[in-house]
Amino acid sequence: MMVQNNDRRGIGMTSARTRDRLVQRLKDNGIRSNTVLEQIRNVPRHLFVDEALASRAYEDTALPIGLGQTISQPYIVARMTEALLDGFVGEKMLEIGTGCGYQTAILAPLVKKIYTVERIPDLLRRAKQRLRELDIYNVQFRPGDGWEGWSKYAPYDAILVAAAAPTLPEQLLAQMMPEGRLIMPVGPTGRQELLMVVRKNDHYERISLGPVSFVPLVQGM
Ligand code: SAH
């Protein structure tokens with residue numbers, strides 16, 4: 001029998017089964033998109049967390065990634081990705097809050113180009129390295145303040161923000177393409193909701209996707 005050497009952290013044989021279990025749980029919780037579920041199955045989440053936590057990587061829970069930040073709960077990543085892709089016809093998207101790069105890795109094969117912004121340079125550097133190791137090349141990285149978006153490549157067909165703000169950042173709204181969508185948690189700690197905002201000709205349409213709990217979108221670098 002061939003020994004597969006595709007698992008650098010020794011999760012080995014349990015990995016396929018634990019991933020299936022995670023996918024089933026997300027299905028049970030209402031994730032419908034097979035494209036998204038396939039990505040959850042494919043992307044090795046254990047490579048995005050500390051070695052000591054690798055055995056918990058396929059639980060549906062947020063985990064610490066150092067520097068006071070967390071890797072998002074798989075259900076939330078799936079929910080946001082599903083909402084973003086539903087009706088997404090464009091090719092260019094902006095991600096705010098790269099963190100460890102897990103959400104980026106889930107999205108990368110599904111869109112043509114991702115521009116991603118993270119305010120902690122050390123996290124960004126590690127995310128970049130991880131994504132290279134996974135042969136993901138359609139991502140451009142920038143250390144910076146997500147409140148400002150990334151005007152150089154605007155407008156974007158879609159924007160996904162992985163940290164919560166009390167209000168929708170003006171600059172992000174301004175960087176949306178007509179009919180483009182923004183998926184983002186908004187509201188004070190303890191009362192955040194995930195919003196989907198669609199840019200129409202003369203207004204922005206808001207749809208609530210339910211209550212969530214994210215780290216704050218910090219002001220400034
Ligand atoms: N996308 C990650 C989750 C990241 S957690 C995943 O897949 O798991 C949120 C991230 O947003 C953190 O890394 C935090 O440093 C970053 N962040 C917070 N405020 C920010 C800001 N103003 N600009 C850019 N990134 C910000």
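**View 1. An open sheet of seven strands.** Seven strands form an open sheet with mixed pairing, in the order β5-β4-β3-β6-β7-β8-β9. Strands (E, at least two residues) and helices (H or I, at least four) are DSSP runs, numbered from the N terminus. Two strands pair if DSSP finds at least two bridges between them. β5 (139-143) and β9 (204-212) are the edge strands, each pairing on one side only. On average, neighbouring strands of this sheet are turned by 15 degrees against each other, direction ignored. The model is predicted: local features need pLDDT of at least 70, side-chain atom pairs count only at pLDDT 80 or more, and totals for chains, interfaces and linings use all residues. Residues are numbered from 1 along each chain as its sequence is written, and side-chain values use heavy atoms, with hydrogens and water left out.

**View 2. Helices on the sheet.** Helix α3 (residues 74-85) lies across β3, β6 (156-161), β7 (176-186), β8 (192-199) and β9. α3 runs at about 160 degrees to β7. Helix α5 (residues 121-133) also packs on the sheet, where α5 touches β4 and β5. The direction of α5 makes about 165 degrees with that of β5. Axes are lines fitted to C-alpha atoms, for helices over the stretch in contact; angles run from 0 to 180 degrees between N-to-C directions. Contact means heavy atoms within 4.5 Å.

View 3. β3 pairs with β4 (residues 113-118) in the parallel sense, over five bridges. In this pairing, I96 stands opposite V117 in β4. T98 sits in the loop between β3 (92-96) and α4 (102-107). Is T98 buried or exposed? T98 is buried, because its relative accessible area is 4% and buried means under 20% (exposed is over 50%, partly exposed in between; 1.4 Å probe, protein chains only). Not counting residues up to four places away in sequence, T98 touches T104, T116, V117, E118, L124 and A127.

**View 4. A127 beside T98.** A127 lies in helix α5. A127 is buried, with a relative accessible area of 0%. C-alpha to C-alpha, A127 and T98 are 7.4 Å apart in space, yet 29 residues apart in sequence. Beyond four places in sequence, A127 touches T98, G99, C100, G101 and F141.

View 5. How many residues surround the ligand? There are 25, and the closest are S72, Q103, E118, G146 and V218. A backbone N or O atom of S72 lies 2.8 Å from a ligand oxygen atom. E118 places a polar side-chain atom 2.6 Å from an oxygen atom of the ligand. A polar backbone atom of V218 is 2.6 Å from a ligand nitrogen atom. Taken alone, the ligand exposes 580 Å², and the protein buries 99% of that. These areas come from the Shrake-Rupley method with a 1.4 Å probe.

**View 6. Backbone exceptions.** Most residues other than glycine have a negative phi, and most peptide bonds are trans. A cis peptide bond joins A154 and P155, with omega about 0 degrees. P155 is in the loop between β5 and β6. L67, not a glycine, has a positive phi of about 55 degrees. L67 lies in the loop between β1 (63-66) and β2 (69-71) and is partly exposed at 47% relative accessible area. D135 has a phi near 60 degrees, also positive in a residue other than glycine. D135 is in the loop between α5 and β5 and counts as exposed, at 55% relative accessibility.

Methods:
Near = heavy atom within 4 Å. Polar contact = N/O pair within 3.5 Å; in protein donor to acceptor, adjacent residues only side chain to side chain.
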